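Let's look at how structural terms get their names, one question at a time. Keep the view open and follow along as we go.

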Amino acid sequence: MVEKTKLHIIVYAALGKGLSGGDNILIELSKRWADKLDITIYGGLQIKDAACAKGLTNVVFNTCPSKTKFRYLERMFWSLKTAFTFKDVGIVYTASDFLHDLLVGWIIKLRNPKIKWISGYYLVAPPVFAPNSPYRGFSRIRGLGYWLMQRFTLRIVNKWADIVYVTSVPETKHFPNKKTVVIRGGVNIPKILNSDIKKEYEAVFLGRFHYQKGVLELIDIWKMVCKIKPKAKLIMIGDGTLWNKCQVKREKLGLYDNISFIPFVGDNLKEYYFTRSKLILHPATFDSGGMSAAEGMAYGLPAVGFDLEVFKTYYPRGMVHVKTKEEFCKVIIELLNN
């Protein structure tokens, strides 16, 4: 019997209820690799629960607790402990560019150059004051910290990683001397689509409530839509730092009856909302891909998004690309009418 190659997946940075694109990618890849590779996933209980819920069970989970309010520091302790005690062989795949994950791959590679290191680097942030920067106000401080961190981690990955996973063709330019693999977001297409289900919502949004995802812009756009279609309903599914701001803005613009917010949901509830919506909206102002639009398209929903460079290769079909909020509204109305 041939011994399977060992694959060690590092995903300590996954902390919240919602999964990032990189987390979803590692789960789906692992489901397809599990028959051929001996997989161990290192992370918290959140990633184990999410992976098991998505049908990934034939792997080993090496989980750490997050018991205190200082969970980020707690996770860093566990990630560094893994890095400096690791004595195995095979391949190490770090699921994100955050230090909780990336430092583990780098340290293991330094300690054992024979290890093959795959670095998942799914978003290269713009400078905080660039025209396309998604950061505003106080979030610019966090954005600046993240951008400075990436000046450091990009150097590490370009020098030490064996392979880099990115999500779109434009991102490959950041790794000129590395073998890069473009992994676009993929979803399982439903086998049966029931066209008789009553549509309760004109549109649905799924994603993080973050400046990058254009959630505040979406509320402005929906106000324009409601001036033409006063009863139009939008459901926004997700979680994140702008959750409260979005609710305040909804009240300020008088859209309480037009916009509903719900936290991240499982696949079954996603299907419920997708099948009861007419459109999926993806108003990201900066992105490296964005799998949620693909999830909606899998249910036959037309998508509308801003005209970002990345979408020209990521979503060349299935998404209507617009340049302004006014054009975004116009396209929504046209699609709802026809």
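Q: What places E28 and K31 about one turn of the helix apart?
A: Both lie in helix 1 (residues 21-33), and they are three residues apart. Here helices (H or I, at least four residues) and strands (E, at least two) are DSSP runs, numbered from the N terminus. This is a predicted model, where local features need pLDDT of at least 70 and side-chain atom pairs count only at pLDDT 80 or more, while totals for chains, interfaces and linings use all residues. Residues are numbered from 1 along each chain as its sequence is written, and side-chain values use heavy atoms, with hydrogens and water left out.

Q: Why is the pair E28 and K31 called a salt bridge?
A: The term asks for a side-chain nitrogen of Lys or Arg within 4 Å of a carboxyl oxygen of Asp or Glu. For E28 and K31 the closest N and O atoms are 3.6 Å apart, so the pair qualifies.

Q: What is the general idea behind such pairs?
A: Side chains of opposite charge can pair when their charged atoms come close.

Q: What makes E28, K31 and R32 a network?
A: Salt bridges link these residues. R32 also pairs with E28, with the closest N and O atoms 2.9 Å apart. R32 and E28 are separated by about one helical turn because they are four residues apart in helix 1.

Q: How many salt bridges does a search of the whole structure find?
A: It finds 11. One of them joins D88 and K6, whose closest N and O atoms are 3.2 Å apart. This pair links distant parts of the chain, 82 residues apart: D88 is in the loop between helix 3 (71-85) and strand 4 (91-94), and K6 is in strand 1 (residues 5-11).

Q: Why is D88 called partly exposed?
A: Buried means under 20% relative accessible area, exposed over 50%, and partly exposed in between (1.4 Å probe, protein chains only). D88 has 26%, so it is partly exposed. K6, at 25%, counts as partly exposed too, and so does K31, at 29%.
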